[in-house]
Amino acid sequence: MPVAITRPVSPSIGRCELTHIAREPIDAEHAASQHRQYEMALAEAGCEIFRLPEAPEFPDGVFVEDTAVVFDEIAVMTRPGAESRRGETGSVAAVLGNYRQLAHIQAPGTLDGGDVLTVGRRVFVGVGRRSNASGAGQLQEALQPFGYEVVLVEAHDCLHLKSAVTRLGGTTLLINPDWTDPGQFAGCEFLSVDPMEPFAANALMVRDALIYPTTCPRTRKLLEGRGYKILAVDLSELARAEGAVTCCSLVV
Ligand code: CIR
């Protein structure tokens, strides 16, 4: 059974990092209740939930995806691009170390898990604001023994690569072509988001279910038309912190 590592919403989430959206008040209790619904969707998709201890000192601590990248053979602990987030990795490493051999990104490398998209043995890394070439290079070194190839790609006008593109299964990608050029993902097939829903490309496939935001009904219809089984979750309060469905868990 896959294990989904999560962390409760910090009461200080209102002081989160923000890059592309304006700061609005965040109701931490409402965010926490949405987060619990998200955990229930993960459980419904077949995961056992492992909740990390609360870390109230880290406003963005709920977004555990950015702290590590998990492969079948190894987990790579990141060094997040935002300085305020670097302390989040220790408690995640303590748990992940029970499941995988660990490697660690070191300075001057930076890497956010949200910038890493794995498709088979290709590992696409969105290099830009949060993740840099040194971080991507260190990831390549850690993965070399296992036959993975790191491919640098670009995304723009969004926080992370996976804000613009995520994997639906096999080599099929859900993509916002306004934020990342599909030509960078050779050999993949694409489903484009509805143009009215730029944030709709972030979906989390767990086993045969797609955890997907209620806020993107048009793209959801497209996905349902293709036969995807959707588990809809409302993460609208976490979206005020630039969070989405992939960011709130690490599935091992
Ligand atoms: C940040 O800026 O780091 C957080 N406020 C949001 C992180 C979202 N993470 C993700 O998309 N992987």
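Modeller: The ligand sits in the second largest pocket. A pocket is found on a 1 Å grid over the protein atoms alone, as an open set of points with protein on both sides within 12 Å along at least five of seven lines, and its lining residues have an atom within 4 Å of a point. A molecule sits in a pocket if more than half of its atoms lie within 2 Å of its grid points. This is a predicted model, in which local features need pLDDT of at least 70, side-chain atom pairs count only at pLDDT 80 or more, and totals for chains, interfaces and linings use all residues. Residues are numbered from 1 along each chain as its sequence is written, and side-chain values use heavy atoms, with hydrogens and water left out.

Colleague: How many residues surround the ligand, and which are the closest?

Modeller: A residue is near a molecule if one of its heavy atoms lies within 4 Å of it. Here 13 residues surround the ligand, and Asp60, Glu65, Arg85, Arg130 and Ala241 are the closest. By class, this shell holds 7 charged, 4 nonpolar and 2 polar residues; Asp, Glu, Lys and Arg count as charged, Ala, Val, Leu, Ile, Met, Phe, Trp, Tyr, Cys and Pro as nonpolar, and the others, Gly among them, as polar.

Colleague: Which atom of Glu17 lies 2.8 Å from a nitrogen atom of the ligand, backbone or side chain?

Modeller: A polar contact is a pair of N or O atoms within 3.5 Å. For Glu17, a backbone N or O atom lies 2.8 Å from a nitrogen atom of the ligand. In Arg85, a side-chain N or O atom is 2.8 Å from an oxygen atom of the ligand. The side chain of Arg130 likewise has an N or O atom 2.8 Å from a ligand oxygen atom. Taken alone, the ligand exposes 350 Å², of which the protein buries 98%; such areas come from the Shrake-Rupley method with a 1.4 Å probe.

Colleague: What is the volume of the second largest pocket, and which residues lie nearest its centre?

Modeller: A volume is the space filled by probe spheres set on the grid points, which are joined across faces, edges and corners. The second largest pocket has a volume of about 630 Å³. Its lining comprises 34 residues, with Phe199, Ala239, Glu242, Gly243 and Ala244 nearest the centre.

Colleague: What is the volume of the largest pocket?

Modeller: The largest pocket has a volume of about 860 Å³. Its lining has 31 residues, and those closest to the centre are Val70, Thr118, Lys162, Arg167 and Val251.

Note on methods:
A polar contact is a pair of N or O atoms within 3.5 Å; within protein, one must be able to donate a hydrogen and the other to accept it, and residues adjacent in sequence count only if both atoms are side-chain atoms. On a 1 Å grid over the protein atoms alone, a cavity is a set of points where a 1.4 Å probe fits but cannot get out, and a pocket is an open set with protein on both sides within 12 Å along at least five of seven lines; lining residues have an atom within 4 Å of a point.
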